[in-house]
Amino acid sequence: MRTLIGAVIAVVAGLAFAGGGTYILVNSLTPNETVQLKNAPAPNNSNPDTVNYGTP
Amino acid sequence: MRLVLPAVSAVLALLVLTPLLGRGFVLNYDMVFAPDQSLLPDSLGLGSALPRSVPADAVMSFATALLPGDVVQKIVLLAALFAGPLGAGRLVPTNSVAIRVVAAVWYGWSAYVAERLFMGHWPYVVTYACLPWIAAAGLAVRRGEPKALPKLILACAPAVLTPSGGIIAAVLAVVCSGRRKLAVTVPVTVLLNMPWLLPSVLHPGGSLSSPVGVGAFAARAENWGSPVTSVLGLGGIWNAEVVPGSRGMPLLPVITLLSVAVALVGLRSLAPRWGLAPARSFVVLGAIGVAIAVFGTLPGGGDVLAWAVSHVPGAGLLRDSQKWAAWWALPLSLGFALGVEAAGKYLTNRTALVALAALLPLITMPDFAWAGLGRLEVVDYPADWSAVRTVLAADDGAGDVLALPMSAFRRFSWNGDRTQLDPAPRFLPRTVVIDDVVYVGGRPVSGEDVRVATIRRAMARNDDLGAFGIGWVLVEHGTPGSVDPGVLRGLREVWSGPWLTLYRVPGVIAPPPAGAPRLPVVAGDLGALTVVAFSLLWLLLPAGRFRRSSHSRTVEEQACAH
């Protein structure tokens, strides 16, 4: 019983992490076409006159 | 077995801080330490700026008088990252060391600590570390244990270095101590917070803030989940740049909700062990912390907060609302550990379950380790800074220093182009005026310092800076921003190097504008210091032994009489 529970936990956790990793990879490889670069705020510290405190 | 919890806590602290333990400074966002910080009016809240880092700056000026600033910084960070998990582990009402370890890891390896550390908010990290000790002392006060009150005061003392930290600590102390002790705990915690409270109340420019900052500093969603799930998982800080990459993991909202469910199950066993009233208050405070943290992100919440910060003095403390989630950290960690303990009863071998529970925070946020995998590094200030400090210390003339370019934050190549708060106000031995407008996502959020606004207008007109109490102008090189040559025209160059140039403003230098009145502020500082000193003496002096010896003498006298 103990081994069975351990195996189930290991399989579920493994699948979940593998699935999560795949999702991140796929998401980071696909360009986000909804972003309107023309009107987007300047990325941090790209403006030579200001230092951004942060990006919300 | 007694050493297991301290050992685990030490390992957690060293896992993060080992790369930073060499000589040099960690300068990142709001974290600025200097080799020998001077005690200036601003350190006590007597300057023109709102007392955001009061009395932290005053305490650091005393600490760096005893030890070099970089050593002080490492001691503070190590102590905070060690004491937090240790206190949380000790607070769990259980006989199992393993369950204490689970609570310690969940409390110490949290997104709150990681994000606040990467944001440079070291006073919040210190406050967070004090919370388990405050809760333990507060519960002891509620039970009427001897010497519990001085322990509570000493546990609160490191937490009240900033306004927000002081409020977080004071409210937890009052809640854990209970309604019957209000007459003692409320005055004591108010007195402890006097060093920042009085300068804020007496600040001549008032303490209203810009409503623009409410949206900019609101809690944010770190993944596909909402800000609520981020905050429930103790993350959700406003600045995306300081969030560990692992917080974007798609599985994280699911893990967060599962851990909250386990914690809620575990918290049910808190009432039989602590008593219903303290357990309920403790959990309700955690829920209130989450509610305040996400309030600005709810429909209409941002408008309410925007109105409050621009009309209610001191309501600016509600900006960057994620910091209030600190109250939720203890119920989550303790509840999760107790939930694991309860689940373990249904398994014949609970080792695997406890091990997985204890390792889960490290597995889900591995990029907190090793100073955020290189996110933080130790650097040395260029020699220019010490040279300018020497020049300013040697001059007896009046006048404050104006730091240019006008920007609160800097990016120097000697610090890996990291965003860092201008170190001049803490490095130099005179009051340094820096811009208080901050840019968030490229948009300006105005500050509250009336003097800075006046000086900005004067520079635009090329007025004499001496009329505004400015005796020196420091130009910092190698950082974004430009300096109008017209401002420097007529100034005398005193010192110049690759990173800094110092100019003297000629002519008569007017006295700086008056800040909060000195007498009440210093009296408040002395009051807080006295409370802490008396608590220390109360604990160290053998008061209890005198009472016992007197009692035993009476017993002996009675025995002799018979």
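Two strands pair if DSSP finds at least two bridges between them. Strands here are DSSP runs of E, at least two residues long, and helices are runs of H or I, at least four, each numbered from the N terminus.

Okay, ground rules. This is a predicted model, where local features need pLDDT of at least 70, side-chain atom pairs count only at pLDDT 80 or more, and totals for chains, interfaces and linings use all residues. Residues are numbered from 1 along each chain as its sequence is written, chains are lettered from A and ligands numbered from 1 in the order written, and side-chain values use heavy atoms, with hydrogens and water left out.

Now the sheet in chain B. Five strands, open, mixed pairing. The order is β4-β1-β7-β9-β8. β4 (432-433) and β8 (492-496) of chain B stand at the edges with a single partner strand each, so one side of each has no neighbour in the sheet.

β1 of chain B, residues 400-404, runs parallel to β4(B), joined by 2 bridges. There, B:Val401 stands opposite B:Val432.

β8(B) pairs with β9(B) in the antiparallel sense, over 4 bridges. A hairpin of 3 residues links the two. B:Trp495 sits opposite B:Leu502 of β9(B).

What packs on this sheet? Helix α20 of chain B, residues 383-394, lies across β1, β7 (470-476), β8 and β9 (500-504) of chain B. Contact means heavy atoms within 4.5 Å. α20(B) runs at about 15° to β9(B). Axes are lines fitted to C-alpha atoms, for helices over the stretch in contact, and angles run from 0 to 180 degrees between N-to-C directions. Helix α22 of chain B, residues 450-460, touches β1, β4 and β7 of chain B, at about 65° to β1(B).

On to the interface. 34 residues of chain B contact 21 residues of chain A. Buried area (accessible area, 1.4 Å probe, lost by two parts on being put together, summed over both) is about 2300 Å². Carbon and sulfur atoms give 65% of that.

How many salt bridges cross the interface of chain B and chain A? The rule finds 0, taking a side-chain nitrogen of Lys or Arg within 4 Å of a carboxyl oxygen of Asp or Glu. On the chain B side, the elements giving two or more residues are α18 (351-364), β2 (409-411) and β5 (438-440).

β1 of chain A, residues 52-54, pairs with β5(B) in the parallel sense, over 2 bridges. A:Gly54 has B:Val440 as its bridge partner.
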